[in-house]
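Welcome! Here is a short briefing for anyone meeting this structure for the first time.

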Amino acid sequence: MRRLYRMMLRIYPAGFREEYGRALERQFADDYREAEGRRERIEVGLRALKDLAVTAPGEIARELWQDLRYAVRIYRQRPVATGLALAALAVAIGATTGIFSVLNALLIRSLPFREPDRLVELSRFPVSPLSGRNAVESWFQENHYLEEFAPWDVMFRPLNQYEQLATTFVARVRGNPEGYLPACRDAVQGTDPGVPVFDVKTLDQRLADVVARPRFYTTAILFLAGFALLLAAVGAYGAASHSVSQRRHEIGIRIAVGGPPGRVRGMVFRQSMAPVCVGVVAG
Amino acid sequence: MAKRDRDVAELLPLPPPMFHMLLALCQGERHGYALKREILRRTDGKLNLGAGALYGSIARMVERGLVEESAERPDLHLDDERRRYYRITLLGRRAAQAEAQRMRDLVQQAEESLGLPETI
């Protein structure tokens, strides 16, 4: 039981553990020894667990806060280098976030329809909307591979009230839409051989046409943002490396008096994260 | 206000476990577990500090200079070398007095507003 408690104590930050770990362990052992019967021992275990859950976050936050304060003091001694690193981080993180939003909207998120990969667009065959719609409706009834269809235009208005030369229809097919493109074209043309049907594409193809240019710009900006991020990483590395080289003497003493290397690594990492946190907020 | 009083005022209000520990330490040096037992006794078992809460509070009090670790040990037959003993500092004593005064003022205000009965 004591061994289990010792393992659980690893939740506490290293500084607190080194200072009070043995005392904590000893108190738990005293409580456990004094407990009478199984029920009381279980209670002692549960109380220790609760105590750990309540107090460990506070100790972790306290050590983190101490490291951050120390890092701020160190970085304030070199305002120009720190300012440049922060600015680079802020720009890079802002740019990356912005680019991801655009990428997400244009490329990653799918169309706002149910199963958008099954949509086909038949474009602009010049029929009267009323008769054209009736013709396409009968065509839709005859062809079992079409699941549903709808006239489509960039401006929404009642088709029955407006005469127009061209109408765009969107149909949802049962299965892979690319295989049905010729069949769709033939079927629409079958209603009136004089009607030119062109630009028959799946909606995914149409979307790819529409986003080709933004995609190009996005890719270009993505490279720039990647470059900015690289610069920021180099800046953060430079600041951290400079800080460590300045404190080589202090770190040497810490290790010489028995500071575990893992703890020194953790301290350097947490202190280097201070400008990154500021950069993230600014970005 | 003198600097000394300002230092004490910044520490108030003291969290109850800290106040109880300072009161217990006013009567002499104690190790952590003895502090826990003393607080249990003083509060009729109501304040049962876990190890993390106890040593967390001790760590804060050492940081703020309210208590310090004692190098002296009690009589050899009473001592347990593995335990660490703590004693109250002058600042700790003043902070405990100031906290007691703060509580007395609070009780006085409550008495004036509520009219506290002799016993509850």
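This is a predicted model: local features need pLDDT of at least 70, side-chain atom pairs count only at pLDDT 80 or more; totals for chains, interfaces and linings use all residues.

Residues are numbered from 1 along each chain as its sequence is written, chains are lettered from A and ligands numbered from 1 in the order in which they are written, and side-chain values use heavy atoms, with hydrogens and water left out. The model scores ipTM 0.78 and pTM 0.56.

**The two chains**

- Chain A has nine helices and four strands, where helices (H or I, at least four residues) and strands (E, at least two) are DSSP runs, numbered from the N terminus.
- Reading chain A from the N terminus on, the order is α-α-α-α-β-α-β-β-α-β-α-α-α.
- Of the 283 residues in chain A, 35% are buried; buried means under 20% relative accessible area, exposed over 50%, and partly exposed in between, with a 1.4 Å probe and protein chains only.
- In chain A, 74% of the contacts with a separation of 6 or more join residues 24 or more positions apart, a contact being heavy atoms within 4.5 Å.
- Chain B comes to five helices and three strands, in the order α-α-β-α-α-β-β-α from the N terminus on.
- Chain B has 120 residues, and 37% of them count as buried.
- For chain B, residues 24 or more positions apart make up 57% of the contacts with a separation of 6 or more.

**Confidence in chain B**

- Chain B has a mean pLDDT of 86, with 85% of its residues at 70 or more; pLDDT is the predictor's confidence in each residue, from 0 to 100.
- Among the elements of chain B, α2(B) has the highest mean pLDDT (94), while helix α1 (residues 3-11) of chain B has the lowest (77).

**Nonpolar cores**

- The largest nonpolar core holds 36 residues, and L24(A), L14(B), M21(B), L22(B), Y55(B) and I58(B) have the most contacts inside it. Such a core is a set of buried Ala, Val, Leu, Ile, Met, Phe, Trp, Tyr and Cys residues joined through side-chain atoms within 4.5 Å.
- Two or more residues of this core come from each of α2 (14-34) and α3 (37-76) of chain A, and from each of α2 (16-25), α3 (32-42), α4 (51-64), β3 (85-88) and α5 (90-114) of chain B.
- Leaving aside neighbours within four places in sequence, L24(A) is in contact with Y5(A), L9(A), Y12(A) and F16(A), and also with A51(B), G52(B) and Y55(B).
- Another core, of 16 residues, lies apart from it and includes L146(A), A171(A), C184(A) and V200(A).

**Pocket and cavity**

- The largest pocket has a volume of about 600 Å³. On a 1 Å grid over the protein atoms alone, a pocket is an open set of points with protein on both sides within 12 Å along at least five of seven lines, whereas a cavity is a set where a 1.4 Å probe fits but cannot get out; lining residues have an atom within 4 Å of a point.
- The largest pocket is lined by 27 residues, with G15(A), F16(A), E63(A), Q66(A) and R263(A) nearest its centre.
- α3(A) gives the most to this lining, with six residues.
- By class, the lining of the largest pocket has 10 nonpolar, four polar and 13 charged residues. Ala, Val, Leu, Ile, Met, Phe, Trp, Tyr, Cys and Pro count as nonpolar, Asp, Glu, Lys and Arg as charged, and the others, Gly among them, as polar.
- The largest cavity contains about 30 Å³ of space, a volume being the space filled by probe spheres set on grid points joined across faces, edges and corners.
- Lining the largest cavity are Y75(A), A240(A), S243(A), V244(A), R247(A), V268(A), Q271(A) and S272(A).

**Single residues to look up**

- The peptide bond from L12(B) to P13(B) is cis, with omega near -5 degrees, and P13(B) lies in the loop between α1 and α2 of chain B.
- D44(B) has a positive phi, near 55 degrees, although the residue is not glycine; D44(B) sits in the loop between α3 and α4 of chain B.
- Most residues other than glycine have a negative phi, and most peptide bonds are trans.
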